[in-house]
Amino acid sequence: MRCPHCGTIEDKVIESRSLANGDAVRRRRECISCSYRFTSYEKIDERQFMVVKKDSRREPFDRHKLERGVVRALEKRPVSQLQIESLVNEIEDETAILSKGSREISSSIIGDLMLEKLGKLDKVAYIRFASVYKHFNDLDEFIEEIKKVGVEHIKT
């Protein structure tokens, strides 16, 4: 496996685990040259996992799109790249499990998973993501969401 950081092809597998009822294997790897850690996936090449949007359109699941959303929510927050990668991996794994073999999952389920994981990791990131995902209509809805995550320092 080629290191995404330095390009060397020598690495060692740190951890392997089976995903999605044994249909895939997730491997944590470490580059021998630069010690960069990264994740690889091995799975049977079959039809793509699809995300069903609110308007019933279907589009292929895009891990990079998921990661961009997480990174944007966590921008300038004290969260490491390793924590971000772990969170994205958890969401990806859980979506595969929640699809129950149908190879399709609703975008709202993915959004709810993001909110749940961000809420546990960083309250500010949760509010940032919720403000876009939940489409607040006014300031009162926004304040109510902030109160739900335990931030009571809002002056109304």
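**View A. Glu104 and its salt-bridge partner Arg58.** Glu104 is partly exposed in this predicted model, with a relative accessible area of 29%. Its side chain meets that of Arg58 in a salt bridge, at 2.6 Å from N to O. Arg58 belongs to strand β5 (residues 58-60) and Glu104 to strand β6 (residues 104-106), so the contact ties together parts that are 46 residues apart in sequence. Arg58 also counts as partly exposed, at 45% relative accessibility.

**View B. Lys117 and Glu90.** The side chains of Lys117 and Glu90 form a salt bridge with an N to O distance of 3.2 Å. This pair links distant parts of the chain, 27 residues apart: Lys117 sits in helix α3 (residues 107-121) and Glu90 in helix α2 (residues 81-98). Lys117 counts as buried because its relative accessibility is 10%, and buried means under 20%. Glu90, at a relative accessible area of 32%, is partly exposed.

**View C. Lys117 and Glu94.** Lys117 also meets the side chain of Glu94 in a salt bridge, here at 2.6 Å from N to O. Again the link runs from helix α3, which holds Lys117, to helix α2, which holds Glu94, and the two residues are 23 apart. Glu94 is partly exposed, with a relative accessible area of 25%.

View D. The structure holds 17 salt bridges, among them the Arg58 to Glu104 pair of View A.

Definitions and conventions
Residues are numbered from 1 along each chain as its sequence is written. This is a predicted model: local features need pLDDT of at least 70, side-chain atom pairs count only at pLDDT 80 or more; totals for chains, interfaces and linings use all residues. Side-chain values use heavy atoms; hydrogens and water are left out. A salt bridge is a side-chain nitrogen of Lys or Arg within 4 Å of a carboxyl oxygen of Asp or Glu. Helices (H or I, at least four residues) and strands (E, at least two) are DSSP runs, numbered from the N terminus. Buried means under 20% relative accessible area, exposed over 50%, partly exposed in between (1.4 Å probe, protein chains only).
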